[in-house]
Amino acid sequence: MPGSFRTYHDLTDADRSGLPEQIGAQRARVAARLAGVRRVVAVMSGKGGVGKSFVAAGAARALAQSGRATGVLDADFAGPTAARLLGARGARLRVAGDAVVPAPGADGVVVISMGQLLEDGRPLAFRGPGGADHVWREALEAAALREFLADVAWGALDVLFVDLPPGIARFTELVEILPAPPQVLTVTIPTPEARDAVRRALRAARERGGTLLGVVENMVGGPLAGSAGDELAAEFGIPLLARLPFHPPAAAWQALAARLGGAP
Amino acid sequence: MKFLCIECDRQMAFEERRLPGDGTLAVAFRCPACGRAVALLANPFETQLVSSLGVVIGGRTVPPQPLETVRGMVATGKDDAFADAAERAAAPGPRWSPEAEERLARVPGFVRGMVKRIYADYAREHGIAEITPAVMDTARAALGLEEM
């Protein structure tokens, strides 16, 4: 037996597995599928419970009402709500050729959500050997995000909202999967606690190349005290796009849509 | 992933991949010079890590199916989430023997439509008029399908 041997890059014959090429093909598939989508807007917040999905659905409906083709990708796999908010939760998904057709929801907004796929009341769980789910759960959820982008027939859209879960991990995955960093719509509530959490998310989004469209302050006018929207807007030099009360009137959504629709 | 036959100083060639259905993976490589073969045997954890990336050791033998990782890996999907199973049944294509239908019925509904589509495409490509359990076994080995 020789005392030394060649290593990976010394071998020049093709690697039939071609794992880097397979990853490259996955990315190319995402880019091809989104070729007809004019803008991808990530709806995010560093804080849970601020109404990201509510804002994403309301903004999507208002844009659709103004004549823009709009879609929502619910990337909150553990707590999917977008399909219910858009009235498309019970729809069976049709497979056509190499893609799944997203279900049409309220006002014609097309939507894909884990909420359409999971058994009622059951959490998202993956197959595999037990005892180490945490090791691959992140990778599997990233794969689900990639497939929701690449394997859904989004067609020609003016705006595709990606409704993200709290935190910044899914945003990081999104940036790595997309051909270019998305635009970012940030949602907060008025409190200082929310402000601090959302500040971190805004910084992370900017550092990763996201274009910050502005802040929506949600749940205004109730018991939640503070001015997180104004403070974050001033700190990051971005517009405060809307102050939404607990029950926003149609005019509030239309105003938000007008401001979003005018963004480049 | 590459394998080197140290004695011959030659890169070994991929020969076969097997997914025995117990969560493990076996891949055989052979030295083109001396003919010696070795097998890579991955445990369920290692196999799962590779599957999580949506890549296939040994390369793809079938084109990616829509939402294949979601449909293949989600354990709590509802049976009637997708309409493709019913649509495929109505579409012209190879016949399914009663035994093959029975075997297919044991596949979880969430992924059944996708599995049926893969077998039907395999049969079509190979000029097979009727899908039987034997055809399913052959296709499974040829395509490297686990638990399908």
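Q: What makes a residue of chain B count as being in contact with chain A, and how many residues are involved?
A: Two residues are in contact if their C-beta atoms, placed from the backbone, lie within 7 Å. In this predicted model, 36 residues of chain B are in contact with 42 residues of chain A. Helix 1 (44-52) and helix 2 (68-73) of chain B are the elements that give two or more residues to the side of chain B that touches chain A. The largest share, five residues, comes from helix 1 of chain B. By class, this side of chain B has 20 nonpolar, 11 polar and five charged residues.

Q: What do the confidence scores say about the model and about chain B?
A: The model scores ipTM 0.87 and pTM 0.87. Chain B has a mean pLDDT of 84, and 91% of its residues reach 70 or more. Within chain B, strand 1 (residues 4-5) has the highest confidence, at 94, and helix 3 (residues 84-90) the lowest, at a mean of 57. Where pLDDT is low, the predicted coordinates should not be read in detail.

Q: Why is Leu73(A) called buried?
A: The threshold for a buried residue is 20 or more other C-beta atoms within 10 Å. Leu73(A) has 25 such atoms within 10 Å, and therefore it is buried. The residue belongs to strand 2 (residues 70-74) of chain A.

Q: Which residues are in contact with Leu73(A), once its neighbours within four places in sequence are left aside?
A: Leu73(A) is in contact with Ile112(A), Phe148(A), Leu149(A), Leu160(A), Val162(A) and Asp163(A). Of these, Val162(A) is 89 residues away from Leu73(A) in sequence, while the C-alpha to C-alpha distance is 4.8 Å.

Q: What makes the eight-stranded sheet of chain A open, and which strands stand at its edges?
A: The eight strands form an open sheet in the order 5-6-2-7-1-8-9-10, with mixed pairing. Strand 5 (103-104) and strand 10 (240-245) of chain A stand at the edges; each has a single partner strand, so one side of each is left without a neighbour in the sheet.

Q: How do you know that strand 1 of chain A pairs with strand 7 and with strand 8?
A: Pairing requires at least two bridges between two strands. Strand 1 (residues 37-44) of chain A is joined to strand 7 (residues 157-163) of chain A by six bridges, and the two run parallel. Among the partners across this pairing, Arg39(A) has Val159(A) as its bridge partner, and Ala42(A) stands opposite Val162(A). Four bridges join strand 1 of chain A to strand 8 (residues 183-188) of chain A, again in a parallel arrangement. In strand 8 of chain A, Gln183(A) is the bridge partner of Val41(A).

Q: Why are helix 1 and helix 4 of chain A called oblique to each other?
A: Angles under 35 degrees count as roughly parallel, and those from 65 to 115 as roughly perpendicular. The axes of helix 1 (residues 19-33) and helix 4 (residues 133-150) of chain A cross at roughly 40 degrees and come within 8 Å. The two helices are therefore oblique to each other. Their contact is made by Gln26(A), Arg29(A), Val30(A) and Arg33(A) of helix 1 and by Arg146(A), Leu149(A) and Ala150(A) of helix 4. By class, the contact has three nonpolar, one polar and three charged residues.

Q: What makes strand 3 and strand 5 of chain B edge strands?
A: Three strands of chain B form an open sheet in the order 3-4-5, with antiparallel pairing. Strand 3 (13-18) and strand 5 (37-42) each pair on one side only. On average, neighbouring strands of this sheet are turned by 20 degrees against each other, direction ignored. Strand 3 of chain B is joined to strand 4 (residues 25-30) of chain B by five bridges. Phe14(B) stands opposite Phe29(B) in strand 4 of chain B.

Q: Why is Met219(A) called buried, and Asp9(B) partly exposed?
A: A count of 20 or more is buried, 12 or fewer is exposed, and a count in between is partly exposed. Met219(A) has 21 C-beta neighbours inside 10 Å, so it counts as buried. Asp9(B) has 14 other C-beta atoms within 10 Å and is therefore partly exposed.

How values were computed. Residues are numbered from 1 along each chain as its sequence is written. Chains are lettered from A and ligands numbered from 1 in the order in which they are written. This is a predicted model: local features need pLDDT of at least 70, side-chain atom pairs count only at pLDDT 80 or more; totals for chains, interfaces and linings use all residues. pLDDT is the predictor's confidence in each residue, from 0 to 100. Axes are lines fitted to C-alpha atoms, for helices over the stretch in contact, and angles run from 0 to 180 degrees between N-to-C directions. Angles under 35 degrees count as roughly parallel, over 145 as roughly antiparallel, 65 to 115 as roughly perpendicular and the rest as oblique. Ala, Val, Leu, Ile, Met, Phe, Trp, Tyr, Cys and Pro count as nonpolar, Asp, Glu, Lys and Arg as charged, and the others, Gly among them, as polar.
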